[in-house]
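Please read the following report alongside the sequence and the three-dimensional view, and look up each residue as it is named.

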Amino acid sequence: ITELEELAAQLGSDCPFFIRNVPARVTGRGECIAPIDLHLQGWHIALINPGIHISTVDAFGWIRPNDDRPGLNAWAGTGPEEWSGGLHNDFTRPAVERHPAIGMALDMLRQHGASFADMSGSGSTVFGFFKTALPQDWAATLPPDSDVDRALLKLTTPLPYFEAFLY
């Protein structure tokens, strides 16, 4: 662990992950980071945060992990096109059941052509992988009468280079 990762950990358990800017399997409280080879070069990602706070303690109480399916390492050497239907976040279903706006955000990503979309961690930010970049004004297509109109959006250039948040 680097000095910068130690400093990031003081901000939050999952913050050191973002220092390396590589795909990784993260365990423990977020401090155990093991890089994983995923085919992400050239993909674009969009993030939507529907503005919903989810307590980590509550989220862990909602899930029943499925230990019978292959672990994340089984997905090494694959990319977003291969993940749909097999790779999913155990937190997503119970979070969507309690907060429908999260499901709406996922639906929006899929409707805009995401090859793969899911929720990040225990929520509530969702992400979608796209073969081509979304237009910078795609946020204008979000329904103004939904909870998602408060969304914090992020678009990226082809991975692994990230741009700043759009407000």
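## A buried leucine

At 15% relative accessibility, Leu40 counts as buried, because buried means under 20% relative accessible area. The model in which this value was computed is a predicted one. Leu40 sits in the loop that runs between β2 (32–35) and β3 (44–49), and its C-alpha is 8.7 Å from that of Pro23, a residue 17 positions away in sequence.

The structure holds three salt bridges. One of them joins Glu81 to Lys131, with 2.4 Å between the closest N and O atoms. Glu81 belongs to the loop between α3 (56–62) and α4 (92–98), while Lys131 belongs to the loop between β5 (126–130) and β6 (152–155), so this pair ties together parts that are 50 residues apart in sequence. Glu81 is partly exposed, with a relative accessible area of 48%, whereas Lys131, at 51%, counts as exposed.

## Salt bridges within helices

Glu97 and Arg93 form another salt bridge, in which the closest N and O atoms are 2.7 Å apart. Both residues lie in helix α4, four residues apart, which is about one turn of the helix, and both Glu97 and Arg93 are exposed.

Arg110 and Asp107 are also joined by a salt bridge, with their closest N and O atoms 3.7 Å apart. This pair lies in helix α5 (residues 100–111), where the two residues are three apart, again about one turn of the helix. Arg110 is partly exposed, at a relative accessible area of 43%, and Asp107, at 38%, likewise counts as partly exposed.

Conventions: Residues numbered from 1 in each chain as written. Predicted model: local features only at pLDDT ≥ 70, side-chain atom pairs only at ≥ 80, totals over all residues. Heavy atoms only, no water. Buried < 20%, exposed > 50% of the residue type's maximum accessible area, 1.4 Å probe, protein only. Salt bridge = Lys/Arg side-chain N within 4 Å of Asp/Glu carboxyl O.
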